[in-house]
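Open the model in your viewer and keep the selection tool at hand. We will go stop by stop.

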Amino acid sequence: MSNKKIFVEQRTEGDYAVRKANSERASDVLPTQTEAIKRAKDLTHGGAPLVERVRNTAGGKPDKWRKA
């Protein structure tokens, strides 16, 4: 079941990659996190992708993942 997860992560270039678990390449690369989350939801047919935190918040630090 874990191989069906979709992740949105920030790349060093500043844009965002949408990738499936254990994939070597991104399914899509988009300029904003919002666009990447929308694309990830399309790929999961409305499911909740896991999004990499990009800043410190009360809910977690950048090394944590959150559901979109």
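How many helices and strands does the secondary structure of the protein chain come to? The count is 1 helix and 5 strands. Keep in mind that this is a predicted model.

**Stop 1: the whole chain**

Colour the chain by secondary structure. Starting at the N terminus, the elements run β-β-β-α-β-β. The protein chain exposes about 4900 Å². Carbon and sulfur atoms supply 46% of that area. Of the 68 residues, 28% count as buried.

**Stop 2: the sheet**

Select the strands. The 5 strands form an open sheet, and its order is S3-S2-S1-S4-S5. The pairing is mixed. Which strands stand at the edges? They are S3 (28-30) and S5 (65-67). Each has a single partner strand, so one side of each is left without a neighbour in the sheet. Turn the view to look along the sheet. From one strand to the next, the twist averages 25°.

**Stop 3: the helix on the sheet**

Select residues 33-43. This is helix H1, and it packs on the sheet. It touches strand S1 (6-10), strand S2 (16-20), S3, S4 and S5. The direction of H1 makes about 20° with that of S2.

**Stop 4: strands S4 and S5**

Select residues 50-52, which are strand S4. In what sense does S4 pair with S5? The two pair in the antiparallel sense, over 3 bridges. Now pick out glutamate 52. Its bridge partner in S5 is tryptophan 65.

**Stop 5: glutamine 33**

The side chain of glutamine 33 reaches the backbone oxygen of glutamate 52 at 3.5 Å. Is glutamine 33 buried or exposed? Its relative accessibility is 18%, so it counts as buried; the cut-off for buried is under 20%.

**Stop 6: a salt bridge between strands**

Next, look for charged pairs. Side chains of opposite charge can pair when their charged atoms come close. The structure holds 4 salt bridges. Select glutamate 9 and arginine 19, one of these pairs. Their side chains meet in a salt bridge, at 2.5 Å from N to O. Glutamate 9 lies in strand S1 and arginine 19 in strand S2, so the pair ties together parts that are 10 residues apart in sequence.

**Stop 7: a salt-bridge network**

Select Arg11, Glu13 and Asp15. What links these three residues? They are linked in a network of salt bridges. Take the pairs one at a time. Arginine 11 and aspartate 15 meet through their side chains at 2.8 Å, N to O. Arginine 11 also forms a salt bridge with glutamate 13, where the closest N and O atoms are 3.5 Å apart.

Now show the surface around them. Arginine 11 is partly exposed, with a relative accessible area of 31%. Glutamate 13 counts as exposed, at 55% relative accessibility. Aspartate 15 is buried, with a relative accessible area of 17%.

**Last stop: contacts along the chain**

Show the whole chain again.

How values were computed
Residues numbered from 1 in each chain as written. Predicted model: local features only at pLDDT ≥ 70, side-chain atom pairs only at ≥ 80, totals over all residues. Heavy atoms only, no water. Pairing = 2+ DSSP bridges. Helix = DSSP H or I, 4+ residues; strand = E, 2+ residues; numbered from the N terminus. Axes fitted to C-alpha atoms, helices over the stretch in contact; angles between N-to-C directions. Contact = heavy atoms within 4.5 Å. Buried < 20%, exposed > 50% of the residue type's maximum accessible area, 1.4 Å probe, protein only. Polar contact = N/O pair within 3.5 Å; in protein donor to acceptor, adjacent residues only side chain to side chain. Areas by Shrake-Rupley, 256 points an atom, 1.4 Å probe, with all protein chains shown as cover.
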